[in-house]
Amino acid sequence: MALTNQRVDVPVIVDESKCLEKCVACIEVCPLDVLVKNPETGKAYMKYDECWFCLPCEKECPTNAITVQIPFLLR
Amino acid sequence: MNIQYLKTDFLVVGGGTAGTMAAIKAKQASPESDVLILEKANIRRSGAIAMGMDGVNTAVIPGNSTPEQYTREITIANDGILNQKAVYETGRLGFEVIQELESWGVKFQKDHEGNYDLKQVHRVGKYVLPMPEGKDLKKILTRQVKRHKVRVTNRVMATRVMVQDGRATGAVGFDVRSGDFVVIQAKAVVLCTGACGRLGLPASGYLYGTYENPTNAGDGYSMAYHAGAELTNIECFQINPLIKDYNGPACAYVASPFGAYTANAEGHRFINCDYWSGQMMLEVYKELNSGKGPVHLKMYHLDDDTIAEIESILWANERPSRGRFHEGRGENYRTDGVEMNISEIGLCSGHSASGVWVNERAETTIPGLYAAGDMASVPHNYMIGAFVYGRIAGETAMGYVDGLDHMEPDAEFLAAEQARIYQPLEKPDGVPHTQVEYKLRRLVNDYLQPPKSPTKMDIGLEKFVAYEETLDIMGASDPHELMRCMEVHFIRDCAEMAARASLYRKETRWGLYHYRLDYPEKNNEEWFCHVNLKKGETGQMELFKRPVEPYIVDVNLESEIYDVAAR
C-alpha cells in the first residue's frame, strides 16, 4: 500500500541547546510514550503525534528544555 | 521475538488511582505475598490523575454526612439503578482513605478551625473536599508503592486475561518499547485500567484531545469481556460539559463554591446544580438547542482576588495546560465566560454508571478476577471510590489467593494471542492506526451520540461488527504503533457493547446519557433493572436483565425525582 508522510505541527518543543544527552526524564514520564531520543544527536524529540498536553515532560525536565504548546487543532 | 515469563501472587493491571491502592493494600494485608503492577505508561505519571487532582468529590466525613445520606444522593442521581451496597462502601470507607492519604503527605483543605473545608456541589450534601495542592498525588502514591515493596513493570500493556478452569490465572501482553511478548502467571488479577476515554471523536478532530487520559482506551472493558465477565449498564454513557475544544473540565466543582455558575449566552442560570449527571447534561443539551447557547462557566461577576484564587487552583492541578489554552486565545476569566460544549461519548463509572460488573467486594463474575476504578461498575465513584475499591480488591484478593497455586499457561491460548497481537507488525505498510481509529470513532459520533435513534444505532452496530475486518488491515512499524493498534481493538469492542446495550434498553434513563427518541420516557415497570452483557458460549455478545439488588437505604423514587432545571 502506498503511504505518504505528512507534516504535522507538534505540541512538544525541545530546546536542543538545553537538552542533556544522558537524561531521559521526559521520556520516562510521558503517559503516551511519544518522546524518544534522536540516536544521532542524543536530544529528545516528539516522534508520535499523540500528545495529551498534560505537562509531566515539561515539569520534570531538569534544564527547562521543554515547552508544551496546546495542539494546533485545539489552540 | 523474545518472550518474558513473570509470576506473581496478585497481578494489578494498571497503576493509576485504583491500581496503586490495590497493590499497597494487598501488601499491607499480606506482606509476604508477591504483588506486581503492570502499567503501560509509567506509574509516576499515569492514569486519570497523571498530573494530580484539585479535589475529591465523594468525601463522606463523619459529622458532615453519613454513608446512608451519600447512598441516597447517588441513588437519586443515578435514577435508582445501582447496587446500593457497593455505593455504600465508598461512603463508609472514604474517610479512612482520606486519613491514610493525609498520613502519606496529601494535603486537603481545612478551615481556620482545622476542620475539613467541605463544599456543596451535589444536589443535597457536601461531599466535595478541595485539595489545592493535589499536583503531586501520583508521585506520593508511587513512593508508597515502593515503600510497600510492590514490584512494578512499566511500559507493558496487557491485552488479555488468562482464564483456566473458570478462574483468572494471569494475563498476557507486550512490552510497548521492546515488543517482547509478556506472560504473567498470577493467582488473582485486578483490572484497574480506567475509562474508555477514546470512544467518541472530540469535535476538534484531535484523537488525543480527550477528557480522559487517552491511554485509557477501554482496555479493561474489553479484557473483562473476553475473559467472560459480565459488564453492566454500558448504555449509560459518559458525556461531560467541557471547555470547548480543550475538552478539559470547566471545573464548576472548583469554581461554584466561590460563586461561579453555569450560564447561557444571556448570562442566566438554567440549572440549579452543577454536579455532573445525565439529567444535568440533558438541560445543557436543551439549552444549546433552544437558541440560548452557547453556555459558559460564568466567573466575570466575581472580584479579582476570588478569580485569582480559582486560577491558582485550576492552572496547577488536574489539567495545568488550561491556563496557556486561555492565554493563547486572549481569554480572561475576569471578562470572558469559559465557553462549554457537550463532549463526545465515553464509558466511565467514575462519572456515570457503566462498567465491568462488580459487587461490594470488587469481585467480577469470574473467580479470581477483580475490577476497580473508572472501569468497575460502582456509579459516580470518582477518585475516592477508585481508592476505596482498589483497597477492597486488594484485601479481598489476598484472602482469595491463600492456598491457591499457579496454573501452567495454556500453550494454545498463548500461541493464538501472540498471533493476534503481532499481526500488524507483519504488514508495516498496512493502514495506519491513526486512520483506522479516526474512522471508527467518527462512526461512534455519527451513530451513538445521544439522542439515540434505533435505526441509526442498528446501522452503527452493523458497521462496528464489520470493523473487525478493517482491524485486520491495520499495519504497524514498531511496538509503539502496535500498542495503538491494539487499543483500537479495545475501542471497537467498547463501541459494539455501547451500541448493543443502547438498543437493548427500550426506555430513556439517566437524562442525556440514554435518551432514546423512540422511547422518550422512563419505564420503571419494564426497565427498573441493570442491563448486563457478556460473551456467550458461542462467542456472541449476550444481553440480559439483571434485577436491582434490594435497597439497604430506603429511597422513594416516585417522589424523589432528580430535576436540576432552573425555573
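Predicted model: local features only at pLDDT ≥ 70, side-chain atom pairs only at ≥ 80, totals over all residues.
**Chatting through a two-chain model**

Trainee: How do helix α1 and helix α10 of chain B pack, and how far apart are their axes?

Mentor: Helix α1 (residues 17–29) of chain B packs against helix α10 (residues 382–401) of chain B at an angle of about 35°, and their axes are 7 Å apart. The axes are lines fitted to C-alpha atoms, for helices over the stretch in contact, with angles from 0 to 180 degrees between N-to-C directions. Helices (H or I, at least four residues) and strands (E, at least two) are DSSP runs, numbered from the N terminus.

Trainee: Great. Back to those helices: which residues of α1(B) meet α10(B)?

Mentor: Among them are A18(B), A22(B), A26(B) and A29(B), and the residues they meet in α10(B) include A386(B), F387(B), G390(B) and M398(B). Contact here says that the C-beta atoms of two residues, placed from the backbone, lie within 7 Å.

Trainee: What classes of residue are in that contact between α1(B) and α10(B)?

Mentor: The contact has 13 nonpolar, 4 polar and 3 charged residues. Nonpolar covers Ala, Val, Leu, Ile, Met, Phe, Trp, Tyr, Cys and Pro, charged covers Asp, Glu, Lys and Arg, and the others, Gly among them, are polar.

Trainee: Let's zoom out. How is chain B split into domains?

Mentor: Domain 1 takes 3–238 + 346–401, domain 2 takes 241–342 and domain 3 takes 420–530. Those bounds come from an automatic or database domain assignment.

Trainee: How far apart are the C-alpha centres of domain 1 and domain 3 of chain B?

Mentor: Those centres lie 23 Å apart. The contact takes 33 residues from domain 1 of chain B and 33 residues from domain 3 of chain B. On the domain 1 side, β7 (156–164), β8 (167–175), α5 (219–227) and β10 (231–232) of chain B each give two or more residues. Of the elements there, α5(B) gives the most, with 4 residues.

Trainee: New topic: sheets. What is the strand order of the 4-stranded one in chain B?

Mentor: It is an open sheet in the order β11-β14-β13-β12, with antiparallel pairing. Two strands pair if DSSP finds at least two bridges between them.

Trainee: Why do β11 and β12 of chain B each have one side without a neighbour in the sheet?

Mentor: β11 (241–243) and β12 (261–263) stand at the edges and each has a single partner strand, so one side of each is left without a neighbour. From one strand to the next, the twist averages 40°.

Trainee: What joins β12(B) to β13(B)?

Mentor: 3 bridges join β12(B) to β13 (residues 295–298) of chain B, and the two run antiparallel. In that region, A263(B) stands opposite H296(B) in β13(B).

Trainee: Which helix packs on that sheet?

Mentor: Helix α7 (residues 278–288) of chain B does, touching β11, β13 and β14 (338–342); its direction makes about 105° with that of β14(B).

Trainee: Then there's a loop. Where does P294(B) lie?

Mentor: P294(B) lies in the loop between α7 and β13 of chain B. The peptide bond from G293(B) to P294(B) is cis, with omega near -5°. Another cis bond joins P450(B) and P451(B), with omega about 5°.

Trainee: Last one: is D305(B) buried or exposed?

Mentor: D305(B) sits in helix α8 (residues 304–314) of chain B. D305(B) is exposed, with 8 other C-beta atoms within 10 Å.

Definitions and conventions: Residues numbered from 1 in each chain as written. Chains lettered and ligands numbered in written order. Buried ≥ 20, exposed ≤ 12 C-beta atoms within 10 Å, placed from the backbone.
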